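These are my notebook entries on one structure.

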Amino acid sequence: MELKNITTSTSIVPSSIKTWLEPNDIRILSQGRLKVPETNLIPAICFYNGTFVPIHAGHISVLEDAKRYINNLGTHELLAAYISPSHSGYVAKKLNPDELIGAGHRLSMIYLAIENLDWVMVDLFEMFQPCKTQLSIVMEAFISRVRSQLPDGERIDVFWLKGEDALSRTKSSDDVIRLGFHSIYVLNRGCNENIINKNDEFKTIQDYHEKRWREIQTLSSFPEKFHLVQATHMNLSSSTIRACARNTFTTREQLHSCIQLDKITSYIIQHQLWSTQSTIMPVLPTFPNEIIDLTPELLSYMLSAYTSSSIKVNSFMFEPIGVGKESRVSHKAYAYAKALVTHIPHLFQTLTDEHYTLSHGDFWINNIYVRRNQSRRLVLFDWQTCCRANGLIDVVFLLRLLDGDRARSLEPQLLELYHQTL
């Protein structure tokens, strides 16, 4: 089996991956990161299978939360975890054709994601079978190799990691439990939406998951081998990442917010997976969504990032409209205005093509002061809507918020001056 040169570029792939991807036998379990037991507790390892198209911080969170849970049981000591990527045939059945990527890309991103996790390894058995193999066969082969290859393998308990999606399946896991597995469900998406049960009653997703877990546990002949972990809420999904990457107007920051692993974000952009356009996703700073986070230091940083000189903002003033008896606006109007200001950066980016610059966001005559006897020196006020967007937004604001007739008469001259100044 030849696994060389599976990536189109090695610029951000660790050199050690080349060795990892050239095993003599895919049945051999790697032991390079297998921890030496430090206690007399039952040794344990994790088995984590999935498509990982692509892997993201949520997957890493599952591993880390499972490790913490197992080590806190008081009965087990976790020695390692093995990630088992699905066969490409299974991935092809699960995803749409435009969502598929090569096995090499999937593996490269997995190795990048676990590069600094010195207890996590990859099992290539399932991924490189001649054809898609039933999960029961994969699981049986894994437990067999654990018993025969790992030190003291007969004593090792294997914890099969599952996401919350597995709780919706009705098929019993007892066949897998009989092989020697524990089944551990890790809930880390943190969805707070309500669902309707058969009695037309609203229940939270968390309540539903806990009920389903108890039903599965009750129906099993091995209830002690079922575990439920309320993990760190990440709200990440691979399908969202793929959709985000296919959107031609996606910025790097938006893609990274879906992945939360910088190396994976860079890999997707570099290799233009899912038609990601690296030219429209520059590494540029953005303002936080909440205007209360805007500080003079952050504003100085943003302004300097878009100019050729260093700019320092010593202070700025932001006084919200009062609400109450003396206010000129209603509570409803104030709440609407505050929400609108908060989301203006997102609205502007939606209207923006690939040409980005620093946009003031409220660039009209009342926010521009001219120094006396210094007509070329302008002072701009009200920076709370500043964001990255198309520069023409400010031009349009300036022209359209002038008097209608006056704007039409000045528009050709102002546009010509704008072009000449560029």
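**Salt bridges, a lysine and the core**

I looked up Arg-246 and found it partly exposed, at a relative accessible area of 33% (buried is under 20%, exposed over 50%, partly exposed in between; 1.4 Å probe, protein chains only). The model is predicted: local features need pLDDT of at least 70 and side-chain atom pairs pLDDT 80 or more, while totals for chains, interfaces and linings use all residues. Residues are numbered from 1 along each chain as its sequence is written, and side-chain values use heavy atoms, leaving out hydrogens and water.

Asp-98 is likewise partly exposed, at 46%. I noted a salt bridge between Arg-246 and Asp-98, with the closest N and O atoms 4.0 Å apart (a side-chain nitrogen of Lys or Arg within 4 Å of a carboxyl oxygen of Asp or Glu). The structure holds 9 salt bridges. Those that share partners join Asp-98, Glu-99, Arg-242 and Arg-246 into one network.

I next looked up Arg-145, which forms a salt bridge with Asp-123 at 2.7 Å between the closest N and O atoms. Both residues are buried.

I then turned to Lys-162, which is buried at 8% relative accessible area. Its side chain makes a polar contact with the side chain of Ser-183 at 3.1 Å (N or O atoms within 3.5 Å, one able to donate a hydrogen and the other to accept it; residues adjacent in sequence count only if both atoms are side-chain atoms).

Last, I recorded the largest nonpolar core, of 53 residues (buried Ala, Val, Leu, Ile, Met, Phe, Trp, Tyr and Cys joined through side-chain atoms within 4.5 Å). Ile-55 and Leu-63 are among those with the most contacts inside it.
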